[in-house]
Amino acid sequence: MAAQTALAALAAEPKSQEVTDWAARIGWVVGLLLFVALVYWLMREGWKWRGLLQSGLPELPAVPAGTAEAELTMTGRYHGSTTSGQWLDRIVAHGLGTRSRAELALTANGITVVRPGARDFLIPTTALRGARLDKGIAGKVLTEGGLLVVTWQHGDILIDSGFRSDRSAEHRAWTERISTLCGDTGVAAQHDQEGAR
């Protein structure tokens, strides 16, 4: 009985809280911050290296001065450009890798792409090769048909540029009109059946 009383007394005694090991905690935080910084630096260097590899790409055509009459307009987002047919091979040269808001206009000159905070460019009418509805482009995946992909020739390379309108119902008119300009009226229907790769 005395032993039980002694055990109960020991159990009732207040215990001191464990001391925080601040050196270990600070070490872990600093280590984590260094790891994040390293990953960020490697991503940035990879982006710069890709730009260097693509430095042979000609300068983008500038948006003409003045306002030509627009046949179609669209406000939305520019999601990037890739080598045509290779939806993960992102093109970063000349600012084509910068995602941004975008205002598109289809005029007699071609498609003007005006991007606040990024370089504007023109896709000349003579460079257009087609358009389709798709669901993904380098690092961005949307619902089926949620992306307008315009294929165009720039220098020796065929480029796919991805746009998403604030009103996705506009995509259909763009694919049909661009396909007509390219002389391929069946392109929109064909890609609707194929879907995204």
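E176 is partly exposed, with a relative accessible area of 42%. In this predicted model, E176 sits in helix α3, which covers residues 171-181. The C-alpha atom of E176 lies 7.9 Å from that of A131, although 45 residues separate the two along the chain.

T151 belongs to strand β9, which runs over residues 147-154. Its relative accessibility is 11%, so T151 counts as buried, the cut-off for that class being under 20%. The side chain of T151 makes a polar contact of 2.7 Å with the side chain of D160.

The last stop is helix α2. This helix spans residues 22-53 and contains V36. V36 has a relative accessibility of 49% and therefore counts as partly exposed, since the exposed class requires over 50%. V36 is one of the residues that make a nonpolar surface patch, together with L32, F35, V39 and M43. The area of this patch is about 510 Å².

Taken by accessibility, then, T151 in this model is buried, whereas V36 is partly exposed and E176 is partly exposed too.

Key:
Residues numbered from 1 in each chain as written. Predicted model: local features only at pLDDT ≥ 70, side-chain atom pairs only at ≥ 80, totals over all residues. Heavy atoms only, no water. Helix = DSSP H or I, 4+ residues; strand = E, 2+ residues; numbered from the N terminus. Buried < 20%, exposed > 50% of the residue type's maximum accessible area, 1.4 Å probe, protein only. Polar contact = N/O pair within 3.5 Å; in protein donor to acceptor, adjacent residues only side chain to side chain. Patch = residues over 30% accessible without salt bridge, like charges linked within 9 Å, V, L, I, M, F, W, Y side chains within 5 Å. Areas by Shrake-Rupley, 256 points an atom, 1.4 Å probe, with all protein chains shown as cover. Salt bridge = Lys/Arg side-chain N within 4 Å of Asp/Glu carboxyl O.
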